[in-house]
Amino acid sequence: MMLLLIPLFPFLGFLVNASIGRRLSKSVAGLVAVAAMVASFAVALTSVIQLAGLPVESRAIVQTVFTWISSGNFTADFTLRADPLSALMILVITGIGSLIHIYSTSYMHEEPDSEYARYFSYLNLFASFMLILVLGSNFLVMFVGWEGVGLCSYLLIGFYYVKQSASDAGKKAFIVNRVGDFGFVLGVLTLFVRFGTVDFQQIAHAASALSPEATFGTLTMATMLLFVGATGKSAQIPLYVWLPDAMEGPTPVSALIHAATMVTAGVYMIGRNAVLFSLTPDTLMVVAVIGAATAFFAGTIGLVQNDIKRVLAYSTVSQLGYMFLAMGVGAYSAGIFHLYTHAFFKALLFLGSGAVIHALGGEQDIRNMGGLKDKLPITYITFLIGSLAIAGVPLLSGFFSKDEILFKTFSSGHTILWVVGMLTSLMTATYMFRLVFLTFWGERRHAVVAAGHDAHGHGHDAHGHGGHDAHGHGDHLHDAPKPMAFALIALTVGSIFAGYIGLPHALGGSNRLENWLEPSLTAPHVVSAQLAPATMEPTPSTEAAPAAQESHAEEAGAGVELGLMGLSSLVALSGIGLAWFFFVADPKRSDAVAESFSGLRTVLLNKYYVDEAYNVVIVQPLKATSDVFLWKVVDAGGIDGVVNGTAESVGGLAALLRRVQTGSVRAYAASLLLGAVLVFGYYLWR
Amino acid sequence: MPSLNDYLILSAVLFTIGTAGVFVRRNLITILLSIEIMLNAVNLSFVAFGRAFGTIEGQIIVFFVMTVAAAEAAVGLAIVIALFRHRESLNPDAFTALKW
């Protein structure tokens, strides 16, 4: 099967919609985009089935498209490689991507034809780059995808570019990501200098062959730099600031790019280089601490935000923090597991919020919502299930993955991080159900906070007047139209059942996902050594072989794991209870608490003033330096001075020399004669 | 029988007269005539050398010079007429437009 087809289909969709899309009708443009994604999903699925049929020790499909760079003894091919890890990623991207494309055909329907085509061309281009990112078999190919998705993110955040706040948010995302990408590039260069290659397999192989002393310096630096790249792309402290603003984009974009796929690229990148990161415990420690801190910090902000999409955005940052926590404690498969389940329920939540916004004609402030439970039943039920899943209520997907992370954190001895994780879990349940209760329960609150409405600047205000208002302010609200409902229901099914592929041993499962990912997360030669005996046995037991080796440790931990599961279920339920206590039982209580902690609340509402701090510490000094020094001294004085000086000195010389050209024929004749006399004189008297 | 030296002196005198004519006269037609004098001074020295060395090349080259001089005179006079129609003047100092 041609792996190349997987990113190629969306790319063709992009080309069609970008070139002739404006002349196509909406149904055709939407069909092209959706068909491209579904075709890509079909190819991805067949590739993964083919991959699953391969024996474990050689479970990878490699396709070299062309030799990209060949210089001296360095070569970098444009090679795509599907292994268990990227297989999971391509399924998530194409699967959830297809659903979101389908959803978008309805959600964006009020846009003019050309905008509609532009939207889908960007979305397809994004999918194409994201697939290249996860399929790339070396850092350079990954970097193409890495930058490509950054570009598409920028284009889609600023989709409503006539609105100042949207174009600003796009620029912010792009520039903040640039900081991270700079670290990423340096990391890749460091690895290249150290190992002379950029291929993931070769680097992993070479690095795992190093003695422990040799891994300390360069390798730690390289992984730290790569992690800087990950903090940018995956919105971790200190570079998370762009993600909440990215909500200026259309809501399906927030679901696809800023929740399900692109922002997980950093997690994927660490998973892809798990061997490398495993060798650098210092980096892992940093990753874990940053992850836990981000999870907690973003969770606290999420508690008080009033914009439905912003709450979800901070929730995304927080959940990404969980994934990094997992990566940092060495539980790579748990992190990838959470990435995978999170993609379902967070996409679902965003699409659900999109359905609410769509129904309300662009309203995004939850203080102006309420009572939508009966008006929007499909949206309500799917949103509720998504919230239950993210809160970690038992038997839904989020429970298994989050619990896996917390268990691994606890069992690897990071007790403080575990406590932080638990607190975050409590907050997750609370802010999600605050959202559910305020949006769907109680009475409808019409434009209670008109001022806040203006202050925030919402994605829909600028464009949706005609269409949305028509059915927005009437009392008969429309529930999600068919394509949107289809996507919501499909994702709900995923949110419920996606977790069962990673059912832990403690609950009688065999954690298939961990076994599946095993070959991608360990060093190549280690895998082959470990599985050498297993290959002699009949095929069905090959997957069980590593599990059997671990089973002793698992048995000892099973009791602890069950206990922790019970505890985190309790935490999730009490979080929901807390939300109920404050926002349903007696809404005055939340106001009372807000009153008594008004200082803290203001800080949280203003997101800890991080944007303001960055503005003062980084942006303003940078602007001042650029303005006073770089522009007026270096550029205007130095660079322009050299260029203009050269031109002026040539001009001055020419002004002198042009006096020679008098126009008088006799003067020319005289100089001719003089020259002839001089030449003759020279030969006569020399 | 004049010697080669006599011819060369005559040639140099003619050449100097021609050169002086080019520089001092203010009439384009006179200047063209002066150039003809210079050319014929050179012709004279060529034939003088040819005779003195007993070779034919000196006389051959003179024919070439005469041909070129005829062509040059035709073109030169045509330009002079065109200029005169344009400016009503034959003074070379009137034609200094081609300068900086």
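A235(A) is buried, with 31 other C-beta atoms within 10 Å, where buried denotes 20 or more other C-beta atoms within 10 Å of the residue's own, exposed 12 or fewer, and partly exposed anything in between, the C-beta atoms being placed from the backbone. Although A235(A) is not a glycine, its phi is positive, at about 55 degrees, and the residue lies in the loop between α8 and α9 of chain A; helices here are DSSP runs of H or I of at least four residues, and strands are runs of E of at least two, numbered from the N terminus. P238(A) has its place in the loop between α8 (217-233) and α9 (242-245) of chain A, and a cis peptide bond with omega of about 5 degrees joins it to I237(A). A positive phi, of about 75 degrees, is also found at L395(A), again not a glycine, in the loop between α16 and α17 of chain A; with 14 C-beta neighbours inside 10 Å, however, L395(A) counts as partly exposed.

The structure is a predicted model, in which local features need a pLDDT of at least 70 and side-chain atom pairs count only at pLDDT 80 or more, whereas totals for chains, interfaces and linings use all residues. Residues are numbered from 1 along each chain as its sequence is written, and chains are lettered from A and ligands numbered from 1 in the order in which they are written. The model scores ipTM 0.84 and pTM 0.78. For chain B, the average pLDDT (the predictor's confidence in each residue, from 0 to 100) is 91, and 99% of the residues score at least 70.

Chain A contains 28 helices and two strands, and its C-alpha atoms fill a box of roughly 115 × 70 × 50 Å along the principal axes. Of its 686 residues, 50% count as buried. Among contacts in chain A (C-beta atoms, placed from the backbone, within 7 Å) with a separation of 6 or more, 81% are accounted for by residues 24 or more positions apart.

Leaving aside neighbours within four places in sequence, I90(A) is in contact with I6(A), A44(A), A82(A), L131(A), V134(A) and L135(A).

A487(A) is also among the buried residues of α21(A), which include M484(A), L488(A) and L491(A). The elements covering the buried residues of this helix include α3 (84-107), α15, α16 (377-391) and α17 (397-411) of chain A. Helix α21 (residues 482-497) of chain A has 16 residues and reaches 22 Å from its first C-alpha to its last, close to the 22 Å expected at 1.5 Å a residue, the expected span being 1.5 Å times one less than the number of residues.

A36(A), found in helix α2 (residues 26-52) of chain A, is buried, with 29 other C-beta atoms within 10 Å. Not counting residues up to four places away in sequence, A36(A) touches F9(A), P10(A), L12(A), G13(A) and N124(A). By contrast, of the 48 residues of α27(A) the number buried is zero, so this helix lies largely in the open.

Definitions and conventions
Contact = placed C-beta atoms within 7 Å.
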